[in-house]
Amino acid sequence: MPKSLGVIDGVVIAASSTAATTSIAIGTGVLAATVGRQVPILLVLAFLPMLGIAGAYARLNRSEPNCGAGYTWVGSTLGPWLGFLAGWIPVAGTVIFLAYTTAICGSLLIQTADKLGLHGLDPNSTAQCTLIGLVVLAAVTWTAIRGVEHAASFQKYLLIFEYAVLIVFCGWGLIVGDQPFSLSWLNPFAFDSFSGLAQGLVLAVFFYWGWDAAFSVTEETRNPEDAARGGYIALFTMLGLFVLGSIAFQRVLPTEELAANGAQGLSYYAAKLAGEPWASLPLLALMFSAIASVQSGVIPTARLTLAMSRDRTLGPFWARLNERGAPAAGTVVIAVVAGFVALLEFAIPTLNQAILAAVNTIGLLVAVYYGLTAIAAAVRFRGEGLRATWIPLLSGTALLALGGYLAVYYATLSDGFAISVENGWFNLAAPVIIVVIGLVAAASAKWRRRSPYFRKARLEETV
């Protein structure tokens, strides 16, 4: 691949993939419904293991630059089965993310049309939002296959606008909000229950998910260190925006209103502060954020499947590059699969419920593959000190333990299965199905494709 990207491009791709505006606008209400007014401190707590894992990614990338990232590093350190899962899980998670973000794009377009006087569609209808959002998915997929440098250039301007609007409106809310600020919002010991804290942390981990997209384009980056710098800058930027946004929302909205508005949370917040046309600016910023995150979700996933295809753990189709050096065929297939999954969400009637179901699933999956990658770093660089060994080990173990606890909690929450975000078995079903399918796919790669990935020597045997 041509090495045309620099640190700024990495920041843009990582920041767009994390989608701070979308997370704040839609996810703050989800977190509020889980942990009440403890959202700001929850986001700080979730940042701590993310920082340790970012250090693991940076060190692993210096040791072995590869667009396969965790898939490559975990496979060569902890073994190919876990390595395959470290690749399969983010691919599956991104497909789910693209599916629900596609519906969010549709909801935002419907809300915009409603402001322009074109009434008749429901911005909280999963079916209506998904059908309209599929058009957006097709458009951004076309942009992505033109090459990652074009996508990064396009996203720079979207980021500048959406962050400017977000900072202005959050600052405004901090100043004029009528909900009294309380230091208890920043108290890590004020959570009502451990199960609520655990579920909230998994959801908050989802907020930060995406900063590692900078490492997915490391083979197209002029200097591997630029990928690490891009990931770090994006991660610290997200921390500042998330804490600012959560406190601002709580200064303006009581918990009940914050939790009730879901996909319309930012529009509702803006309407509390300003009249039209100013109240429409956050909606426009959110639309840009959602579009950029859809595009950024396609880019790293197509490069991860490219790395897997080079090892023959996936078929040769995924390694096909167009004349611009982009994995165009894989990009298109990922978008098509995501569109199909989006159509399956019709079984969940309201967009708010579909968002919560998707975020629960992705949060559990992200905890697993981030945790595996951090532990791989701890094993590979064992004996090299606190930063190289113990911080990644503690960060990875914390995420895996959190995911394990929440899986057990979901398994014992309900007596039977029902299609409802209140049902524990429903929340657990998708992650379990994804892992099982991943193990079947790994078995196929090992015994049917006879992938050399499963014949590679373990790291400790080769160093």
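**Entry 1. Second largest pocket**

I looked up the second largest pocket, which holds about 400 Å³ of space. I took a pocket as an open set of points, on a 1 Å grid over the protein atoms alone, with protein on both sides within 12 Å along at least five of seven lines; lining residues have an atom within 4 Å of a point. Grid points are joined across faces, edges and corners, and a volume is the space filled by probe spheres set on the points. Of the 20 lining residues, Val30, Ala33, Leu356, Val421 and Glu422 are the closest to the centre of this pocket. Helices α2 (20–35), α15 and α16 (386–411) each supply at least two residues of the lining. I took helices as DSSP runs (H or I, at least four residues), numbered from the N terminus. By class, this lining has eleven nonpolar, eight polar and one charged residues. Here Ala, Val, Leu, Ile, Met, Phe, Trp, Tyr, Cys and Pro count as nonpolar, Asp, Glu, Lys and Arg as charged, and the others, Gly among them, as polar.

I note that this is a predicted model, in which local features need pLDDT of at least 70 and side-chain atom pairs count only at pLDDT 80 or more, while totals for chains, interfaces and linings use all residues. Residues are numbered from 1 along each chain as its sequence is written, and side-chain values use heavy atoms, with hydrogens and water left out.

**Entry 2. Largest pocket**

I then turned to the largest pocket, with about 940 Å³ of space. It is lined by 30 residues, and those closest to its centre are Ile96, Val341, Leu344, Ala430 and Ile434. Helices α5 (80–115), α13 (280–310), α14 (328–344), α15 (351–380) and α17 (424–447) each give at least two residues to the lining of the largest pocket. The most come from α17, with seven residues. I recorded 26 nonpolar, three polar and one charged residues in the lining of the largest pocket.

I counted six cavities of 30 Å³ or more, a cavity being a set of points where a 1.4 Å probe fits but cannot get out. The second largest cavity has a volume of about 70 Å³. Helices α2, α8 (194–208) and α15 each supply at least two residues of its lining; the largest share, six residues, comes from α2. Among the residues that line this cavity are Gly27, Val30, Tyr100, Phe206 and Ile355. The lining of the second largest cavity divides into nine nonpolar, three polar and no charged residues.

Where does α2 bend? The bend is at glycine 27 and is about 45°, taken as the angle between axes fitted to the seven residues ending there and the seven starting there. Helix α2 spans only 20 Å between its end C-alpha atoms, whereas a straight helix of 16 residues would span 22 Å at 1.5 Å a residue; the expected span is 1.5 Å times one less than the number of residues. I found 14 of the 16 residues of α2 buried, so this helix is largely enclosed by the rest of the structure. Buried means under 20% relative accessible area, exposed over 50%, and partly exposed in between (1.4 Å probe, protein chains only). Glycine 36, which follows α2, has a positive phi near 65°.

**Entry 3. Backbone exceptions**

Most residues other than glycine have a negative phi, and most peptide bonds are trans. I located a cis peptide bond between glutamate 276 and proline 277, with omega about 5°; proline 277 is in the loop between α12 (265–273) and α13. Arginine 312 is not a glycine, yet has a positive phi of about 60°. Arginine 312 lies in the loop between α13 and α14 and is partly exposed at 40% relative accessibility. Arginine 450 also is not a glycine and has a positive phi of about 50°. Arginine 450 lies in the loop between α17 and α18 (459–462) and is exposed, at 55%.

**Entry 4. Salt bridges**

I counted four salt bridges, each a side-chain nitrogen of Lys or Arg within 4 Å of a carboxyl oxygen of Asp or Glu. Glutamate 384 and arginine 59 meet in one of 3.7 Å, N to O. Glutamate 384 is in the loop between α15 and α16 and arginine 59 in helix α3 (residues 39–63), 325 residues apart. Glutamate 64 and arginine 380 meet at 3.2 Å, N to O. Glutamate 64 lies in the loop between α3 and α4 and arginine 380 in α15, so the pair ties together parts 316 residues apart in sequence. Arginine 380 is buried at 13% relative accessibility, whereas glutamate 64 is partly exposed at 25%.
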